[in-house]
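Student: Please take a close look at the shell around the ligand. What is it made of, and which parts of the chain supply it?

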Amino acid sequence: MEKKKKGIISKVGMWYLLILAIFAGYTNWLPQIRGDAPEAAVAVDVGTVTPEQLKEMGQKIIFGTDDPEGALRKGETPIGKGSCPLCHRFFMDQKADRCPNLIALPAEQVSSPDPEKLLQMTEEERSYKRPLTERYQSFKEKLSGGEPNSGIKPHATPGGQYLVESEYCPNCFVVAGFAIKGTNDMVSPMPIINKPPIELTDTEIVSVVTFLQTRSGDMSKGTAKESWEAYFGKKLGEAAPGAVAAGGAAPSADSKLALDTDTPDQIVGKMGCFACHKIPGIAVAKIGMVGPLLIEGTNAPNRIKSPEYRKAFKEGKVHATTPKEYVMESIMTPWLFIVPGFQDDMLKDFSKKFTFAALSNMADYLLQQTADKAIKEGLDRLPQEKEGPLKKTAMGNSDKQLAMNN
Ligand code: HEC
Ligand code: HEC
């Protein structure tokens, strides 16, 4: 008995050492990004914009910087307001995950361990193949009445139109094997890019697509504007003519950090948690379909009691003994314990982006969220969550999509 108690105490000690070690690294790093010059917005005229300008603007929207490679070298994950790198892998040395392999790295060879092979086909090349597949035809038939969330009927011709369609209607074609588990390979976890909370404008989407097309440096491939106009049958910028400021207000260096004074809403917005998680009480976090519904008041106590977590704890891999420690650990070091039913898809660098108080406040907020609160808002767990739906009768969004697809 005495011995067991001692064991637990030393484990608790270890947890604090771990968190302290993480934050020791963080404080060294903090002044560097604080010192970065604020990003300038690019202004373009939609009528006369060149592919070069669009590419530059697209890069800024995707990465939030003109120098994503430089940011990567500094150990940061460059993410702009488009949020794409939250899920997609744009560089070989970016952490390889499930969705990220899709852009610039070919999905067909996602399971290939050979990095050379992965680089053989770009997203630009792939965009010419997808609409010609039988799979695309079957989506076209199934969704001939229009895809319910976007209202769009799949109708892309090969090339730029396919990429445009992917942004406005991710469910119009879902790459095999990348759908939300339990949806018959039919429902994409990717958010609709022109809708809140990401809500890029048409011109911004065209610029992002231009970036994908011209990444190789061949500017003649930057046909996104023409493809957009052919796809929608109207001129780009018709609704709002004139100059468009890309990238919105120049984000300050602080917009990349979760600070002591930030509310949970602000943290979720800044850090992009909304792209993957639904969270009760947070307006932007209603679309995430990559990670668990964050009702940690219900989940966290059960997780630390679960046989999977107990096993990892005994092996010394994880260290949380209270729900709050579990939530903080899940954000700081998500790879240590993977929630059953999921993959190691969470970003790995939040330890560099949170102050300790911000982390603690975020954890407190998530611990106040329960199954009851989620039910009241009509939010539900994803099909792959082992616990099953919160309320069998509740028709959440994904249930509606499922019903439609069956
Ligand atoms: C929350 C995660 C997530 C975010 C954020 C996200 N995507 Fe995706 N995306 C996916 C997944 C998963 C797929 C594969 C399933 C599918 O086909 O929809 C995908 C598919 C795509 C495809 C089709 C790929 C192909 O080879 O057919 C394109 C193009 C794409 N995404 C571009 C983007 C861009 C550009 C952004 C940012 C503006 C973005 N995505 C943001 C998860 C995401
Ligand atoms: C790119 C997608 C992605 C983003 C962005 C993301 N997460 Fe996650 N998160 C996941 C996935 C997938 C899991 C489940 C796998 C695992 O355990 O790591 C998860 C697990 C969690 C868990 C454990 C949940 C449970 O019930 O056990 C917490 C807590 C969490 N995330 C919080 C956050 C917070 C807070 C943010 C923003 C600061 C965030 N996540 C951003 C994908 C993401």
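Tutor: By class, the shell around ligand 1 holds 20 nonpolar, five polar and four charged residues. Here Ala, Val, Leu, Ile, Met, Phe, Trp, Tyr, Cys and Pro count as nonpolar, Asp, Glu, Lys and Arg as charged, and the others, Gly among them, as polar. The model is predicted: local features need pLDDT of at least 70, side-chain atom pairs count only at pLDDT 80 or more, and totals for chains, interfaces and linings use all residues. Residues are numbered from 1 along each chain as its sequence is written, while chains are lettered from A and ligands numbered from 1 in the order in which they are written.

In total, 29 residues surround ligand 1. A residue belongs to the shell if its C-beta atom, placed from the backbone, lies within 6 Å of the ligand. The closest are Cys84, Cys87, Phe178, Ser188 and Met190.

Now the suppliers. Two helices, α5 (123-126) and α7 (160-168), each give at least two shell residues. Helices are DSSP runs (H or I, at least four residues), numbered from the N terminus. The most comes from α7, with three residues.

Then the domains. Domain 1 (2-34 + 257-405) and domain 2 (42-252) each contribute at least three residues to the shell. Their bounds come from an automatic or database domain assignment.

Elsewhere, helix α13 (residues 323-332) is mostly covered, with nine of its 10 residues buried. Buried means 20 or more other C-beta atoms within 10 Å of the residue's own, with C-beta atoms placed from the backbone. Among the buried residues are Tyr326, Val327 and Met328.

Definitions and conventions:
A residue is buried if 20 or more other C-beta atoms lie within 10 Å of its own, exposed if 12 or fewer, and partly exposed in between; C-beta atoms are placed from the backbone.
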